[in-house]
Amino acid sequence: LIAIYGTTGVGKSKLAIELARALSQYPRGQAPWQSAKVINADSMQVYAGLDVLTNKVPLHEREGVEHLLMDFKRPGEQYIVGQWVQAAMDLIDDMHKRREIPIVVGGTSYWIQHLLFPGRLAGEEVSSSPPAVRMSLEATLVYSAGAGLHMHNLLTALDPVVAARWHWKDTRKVIRCLNIIKDTGKRPSDIFDEQSKVVPKPRYDSLCFWLYSDPEVLKPRLDSRVDAMLEQGLLDEVRALIDISNDNAGKPQPEDVDFTQGIYQSIGYREFYAYLTNPHATSEDFAKAVDDMKTSTRQYAKRQVQWIRNQLRPVVEGSDQSEHKAQLYLLDAT
């Protein structure tokens with residue numbers, strides 16, 4: 001497979017489409033493959049609609065290239081890394097049988113890493129609880145007053161090392177760690193430590209492209225993207241998402257709104273929530289929301305680079321390639 005990752009705003013999707021078109025233009029019989037398709041690896045783009053908020057490539061710009069694992073979950077539903085990895089594996093197996101090349105592309109490098117390298121998803125692989133039960137638990141706790149803090153206090157008592165990683169409002173990760181303890185009898189920190197000592201093996205022969213842009217060049221590019229999103233109807237999508245959230249959980253108090261779950265993590269939702277739910281909001285409030293979104297976007301890009309540099313790149317370069325090869329190339333997207 002081909003994997004393309006990097007920060008937001010560096011042209012990952014454009015490169016994926018160009019590669020898919022080029023690979024599909026070989027005359028039949030002259031290559032071991034027949035075509036290529038894109039598999040989405042952006043955790044926000046799995047949700048239907050909200051195309052501006054989640055920065056989806058418009059249909060007319062996809063140039064006929066099929067995009068899979070995109071636009072299939074309802075806003076408000078939860079969709080976690082283990083579910084995506086399994087769905088992607090099923091698609092890849094099917095594509096290989098049809099001599100198609102999967103091009104996995106997206107900004108959620110964490111997902112890509114767990115697709116390329118098996119045996120690292122402690123919570124999903126060792127948990128014996130049915131997914132529906134775990135998701136029901138999450139849904140119940142997210143909107144229960146004080147439940148998030150209570151769960152984090154419980155995790156702190158059971159595994160202070162891993163609890164220190166997460167803010168108490170990061171309900172999804174806290175519950176995941178508690179499920180690991182419940183289902184295995186082991187502390188997540190011990191499991192993660194054991195995994196770190198195992199040399200990872202690639203699941204597939206993988207050609208990886210890391211698109212990287214100089215931060216000083218990328219910053220104004222990201223600011224311009226936010227301005228363009230506002231022109232394209234961002235506020236209408238955020239209003240619609242607020243309505244969906246209120247329908248699912250009632251109208252919460254501002255301090256009780258959870259921005260760590262599913263589509264509600266999208267940059268732009270948190271930043272414009274107060275402005276759009278305040279009937280007395282001013283132009284100054286709008287300007288602040290715009291500035292906050294630009295700041296959040298730049299901070300997210302920085303975290304994306306840190307993950308690739310400190311997590312994904314070392315795994316690729318230090319992997320056991322006796323069975324499958326994984327090669328990484330850095331592409332200058334400045």
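**Close-up 1. Strand E2 meets strand E4 in this predicted model.** Start at Ala36, whose bridge partner in E4 is Ile101. This pair belongs to the contact between E2 (residues 35-40) and E4, two strands that pair in the parallel sense over six bridges.

**Close-up 2. Strand E4 is covered on both faces.** E4 spans residues 100-105, and six of its six residues are buried. In a regular strand, side chains alternate between the two faces of the sheet. Here, Glu100, Pro102 and Val104 lie on one side, while Ile101, Ile103 and Val105 lie on the other. Which residue of E4 is the bridge partner of Ile2? The partner is Ile103, and the pairing of E1 (residues 2-6) with E4 is parallel, over three bridges.

Close-up 3. You can find one of the contacts at Ile4, whose bridge partner in E5 is Phe209.

**Close-up 4. Six strands come together in an open sheet.** Follow the order E3-E2-E4-E1-E5-E6, with parallel pairing. Which strands stand at the edges? They are E3 (67-68) and E6 (326-332), each with a single partner strand, so one side of each is left without a neighbour in the sheet. Helix H13 packs on this sheet and touches E1, E5 and E6. The direction of H13 makes about 155° with that of E5.

**Close-up 5. Helix H13 also packs with helix H12.** Two packed helices are described by the angle between their axes and the distance between the axes. For H12 (residues 269-277) and H13 (residues 283-317), the angle is about 170° and the axes are 8 Å apart. Angles over 145 degrees count as roughly antiparallel, and H12 and H13 are therefore roughly antiparallel to each other. On the H12 side, the contact is made by Glu271, Phe272 and Tyr275. H13 brings Asp285, Phe286, Ala289, Val290, Asp292, Met293 and Ser296. How many residues of each class does the contact of H12 with H13 have? There are six nonpolar, one polar and three charged residues.

Technical notes
Residues numbered from 1 in each chain as written. Predicted model: local features only at pLDDT ≥ 70, side-chain atom pairs only at ≥ 80, totals over all residues. Heavy atoms only, no water. Axes fitted to C-alpha atoms, helices over the stretch in contact; angles between N-to-C directions. Helix = DSSP H or I, 4+ residues; strand = E, 2+ residues; numbered from the N terminus. Parallel < 35°, antiparallel > 145°, perpendicular 65-115°, else oblique. Contact = heavy atoms within 4.5 Å. Nonpolar A, V, L, I, M, F, W, Y, C, P; charged D, E, K, R; others polar. Buried < 20%, exposed > 50% of the residue type's maximum accessible area, 1.4 Å probe, protein only. Pairing = 2+ DSSP bridges.
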